[in-house]
Amino acid sequence: MNEIFEIVENLFSSGGFMPRWICGQWSETLGWLYIMANIAIGVAYLSIPILLYKFLKKRKEKIYNRVFICFILYDYPLLVPLFKNTYL
């Protein structure tokens with residue numbers, strides 16, 4: 001059972017990866033450009049579900065609300081690897 005917990009723990013660990021500054025020939029400007037681009041994409045991913053939820057609150061008809069809610073719930077887990085990639 002401990003092996004399963006170790007696998008899950010290592011799955012979300014960044015210990016085995018080298019930082020971007022060491023790997024390859026990244027200049028400091030290119031590294032910061034990459035980080036800022038990931039943050040901008042993450043903010044866009046975050047704003048889409050928020051604006052979609054505000055739109056749903058204003059709508060009178062409630063026909064496709066479940067579909068929109070499912071999309072909102074689907075969109076948030078996409079942020080995790082994006083921000084984790086920024087952190088590495």
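1. Helix axes here are lines fitted to C-alpha atoms, for helices over the stretch in contact, and angles run from 0 to 180 degrees between N-to-C directions. Helices are DSSP runs (H or I, at least four residues), numbered from the N terminus. The model is a predicted one, in which local features need pLDDT of at least 70 and side-chain atom pairs count only at pLDDT 80 or more, while totals for chains, interfaces and linings use all residues. Residues are numbered from 1 along each chain as its sequence is written, and side-chain values use heavy atoms, with hydrogens and water left out.

2. Helix α2 (residues 28–58) and helix α3 (residues 65–75) have axes that come within 9 Å and cross at roughly 160°. That angle makes α2 roughly antiparallel to α3 (angles over 145 degrees count as roughly antiparallel, under 35 as roughly parallel, 65 to 115 as roughly perpendicular, and the rest as oblique). The crossing of α2 past α3 is left-handed, a term used if the near helix is turned anticlockwise from the far one by less than a right angle.

3. Which residues of α2 and α3 meet? From α2 the residues are Y45, I48, P49, L52, Y53 and L56, and from α3 they are N65, F68, I69, F71, I72 and D75. By class, this contact has ten nonpolar residues, one polar and one charged. Contact means heavy atoms within 4.5 Å. For the classes, Ala, Val, Leu, Ile, Met, Phe, Trp, Tyr, Cys and Pro count as nonpolar, Asp, Glu, Lys and Arg as charged, and the others, Gly among them, as polar.

4. F68 lies in helix α3 and is partly exposed, at 22% relative accessibility (buried means under 20% relative accessible area, exposed over 50%, and partly exposed in between, with a 1.4 Å probe and protein chains only). Apart from neighbours within four places in sequence, F68 contacts L52, L56 and R59. F68 and Y34 are 34 residues apart in sequence, and their C-alpha atoms are 31 Å apart in space.

5. Helix α2 has 31 residues and spans 45 Å from its first C-alpha to its last, close to the 45 Å expected at 1.5 Å a residue. The expected span is 1.5 Å times one less than the number of residues.

6. Which residues of α2 are buried? They are G31, I35, N38, G42, P49, L52 and L56. N38, in α2, has a relative accessible area of 8% and is therefore buried. Leaving out neighbours within four places in sequence, N38 touches L82, N85 and T86 by the contact criterion. W32, also placed in α2, is partly exposed at 45% relative accessibility.

7. K84 belongs to helix α4 (residues 79–87). Its relative accessibility is 27%, so K84 counts as partly exposed. Beyond neighbours within four places in sequence, K84 is in contact with L11, F12 and S13. K84 and L51 are 33 residues apart along the chain, with 24 Å between their C-alpha atoms.

8. E3 is in helix α1 (residues 2–11). Is E3 buried or exposed? At 62% relative accessibility, E3 counts as exposed. E3 and A44, 41 residues apart along the chain, have C-alpha atoms separated by 38 Å.

Terms used
Helices (H or I, at least four residues) and strands (E, at least two) are DSSP runs, numbered from the N terminus.
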